[in-house]
Amino acid sequence: MEKQEIRTFGRRHGKKLSARQQWLIENRLPRPEKLPAGRVILEIGFGAGEHVRAIALENPKKTIIGAEPFVNGVASLMSAITDGKNNILPEYKNIRIWPDDVRGLLRECNTLFERIWILHPDPWPKARHEKRRLLQTEFIKTLAGRLAPGGEIIIGTDHWEYFDWICARAMDARVAYETPSLDIVRTRYQNKNMAATSAPKYIVIKNK
Ligand SMILES: C[S@@+](CC[C@H](N)C(=O)[O-])C[C@H]1O[C@@H](n2cnc3c(N)ncnc32)[C@H](O)[C@@H]1O
């Protein structure tokens, strides 16, 4: 994170990692250094990684990069994608993990993404925390500029006030967007449904 950047995430650490999780992070983390040529999908703030795993299985020929600064989330994903001998399972070999703020990744690589997923971004509901919301106008413009031709950004949130706020920022960013109903794998935060709404709403920003 660059000094002047607002921190958009809460904790970096939760409960102490198990010895195995710590070892996996130190020795088996599939960093996105050597990206194979081809189509790349990015998920920002993957939490425990349920959706990263689902799209990795759905897209075996594509590279999936997950970015998440919360170390316990990274550890959960590492546990789920490795076998009893601590090797990455063959079906998850297309996953790469950036264990940090996605903005650092975007500065380090010039990859264009076929799809960018952001599921349940922290809503920062108090007015004084609004500046910590990830989907600011400038960030939406940055992400839209990193889409491959025909690519799209899919944002899902069950916090309907944040949904309206993101739509307003998308208008400010002058990007083309739609708000379809989608049925996708449930993530931990969707199950928590802290906003107590009936369903998540989605915003799809297209690179036309
Ligand atoms: C409310 S959680 C949702 C997690 C997951 N997508 C889900 O639906 O269960 C939001 C996540 O976004 C992550 N996050 C916030 N700012 C981020 C950033 N700048 N780069 C990457 N991840 C970020 C947080 O660490 C947190 O895990």
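A: First, the sorting rule: Ala, Val, Leu, Ile, Met, Phe, Trp, Tyr, Cys and Pro count as nonpolar, Asp, Glu, Lys and Arg as charged, and the others, Gly among them, as polar. By that rule, the shell around the ligand has eleven nonpolar, seven polar and five charged residues. This is a predicted model, where local features need pLDDT of at least 70, side-chain atom pairs count only at pLDDT 80 or more, and totals for chains, interfaces and linings use all residues. Residues are numbered from 1 along each chain as its sequence is written.

Of the 23 residues around the ligand, the nearest are F9, G45, G47, T187 and Y189 (near means a C-beta atom, placed from the backbone, within 6 Å). Helix α7 (188-192) gives the most to that shell, three residues; helices here are DSSP runs of H or I, at least four residues, strands are runs of E, at least two, and both are numbered from the N terminus.

Now for helix α6. Its buried residues are Y162, F163, I166 and A170, buried meaning 20 or more other C-beta atoms within 10 Å of a residue's own, exposed 12 or fewer, and partly exposed in between, with C-beta atoms placed from the backbone.
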